[in-house]
Amino acid sequence: MAALGVKRYETGLLELHKQLSPPSMVAHPHSTLASRSSGTRITWSTLPPQLHPAGAGVPAERRQRKCDQIDSVLAIVMPLASKEDMHIVDFGGGTGAIALPLAGLLPEVTVTIVDVSEKSLAIAQRRAADAGVVNLKIFCGDIGSFSDAFDLGISLHACGEASDLAMHACITAGARFVIAPCCVGKLSRKRMNNVTWNQTGSFDARLSYPRSAVISAVL
């Protein structure tokens with residue numbers, strides 16, 4: 001029975017806390033990775049201009065923030081790309097905001113964008129062709145149908161439960177992952193959007209919520 005004044009979900013969190021080992025403190029990647037130092041951030045001028053956010057049509061007033069966002073993600077991803085023949089997958093990668101600079105910086109690896117939007121993937125393909133990037137692949141389809149082997153997964157702001165599906169795909173593949181989930185509140189206003197709702201909402205049989213078995217048992 002839950003303690004007086006403690007909600008069922010909070011009881012689940014308390015139970016989960018009891019079962020976990022105390023967390024170990026580690027330095028934040030941004031404080032230790034060389035790629036984050038002032039001299040080794042992405043030097044966009046050395047990359048083909050098509051790989052810059054402007055190449056995807058990002059408005060001028062948002063470009064610097066987008067560059068900072070990409071730099072923050074790649075500061076964590078780059079040190080994990082330790083093998084020359086790695087396969088890196090960007091789930092929900094759209095027009096290639098993350099995948100294209102990554103492919104340009106690491107020509108020895110294969111980078112695949114997985115997305116349900118044909119239009120976005122066409123833009124990514126055009127940008128790659130114009131920039132002479134040959135190590136980029138695309139997969140048009142939902143995350144749950146992607147079955148190729150890969151070593152590292154990325155997902156930045158994937159809508160709905162797509163972030164969970166990306167994490168599930170990485171765990172199934174035994175791959176490392178760098179995932180920053182999306183705010184899903186907007187889905188209530190866009191339930192009929194065939195990208196943000198219908199596609200991601202069609203995997204109820206694959207995922208159960210809460211994702212934690214401990215919390216699910218309490219609830």
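**Basis.** I worked with a predicted model in which local features need pLDDT of at least 70, side-chain atom pairs count only at pLDDT 80 or more, and totals for chains, interfaces and linings use all residues. I number residues from 1 along each chain as its sequence is written, and side-chain values use heavy atoms, with hydrogens and water left out.

**Sheet.** I find an open sheet of five strands in the order β3-β2-β1-β4-β5, with parallel pairing. Strands (E, at least two residues) and helices (H or I, at least four) are DSSP runs numbered from the N terminus; two strands pair if DSSP finds at least two bridges between them. At the edges I note β3 (136-140) and β5 (176-180), each pairing on one side only. From one strand to the next the twist averages 15 degrees. Axes are lines fitted to C-alpha atoms, for helices over the stretch in contact, and angles run from 0 to 180 degrees between N-to-C directions.

**β4 and β5.** I count five bridges between β4 (residues 152-156) and β5, which run parallel. Ile154 has Val178 of β5 as its bridge partner.

**Helices.** I see α3 (residues 60-80) packed on the sheet, touching β4 and β5, at about 165 degrees to β4. Contact means heavy atoms within 4.5 Å. Helix α6 (residues 162-173) lies across β1 (87-91), β4 and β5, at about 175 degrees to β5.

**Thr95.** I located Thr95 in the loop between β1 and α4 (99-105). Thr95 has a relative accessible area of 19% and is therefore buried, that is, under 20%, with exposed over 50% and partly exposed in between (1.4 Å probe, protein chains only). Beyond its neighbours within four places in sequence, Thr95 contacts Ala56, Leu100, Ser120, Ile123, Ala124 and Arg127.
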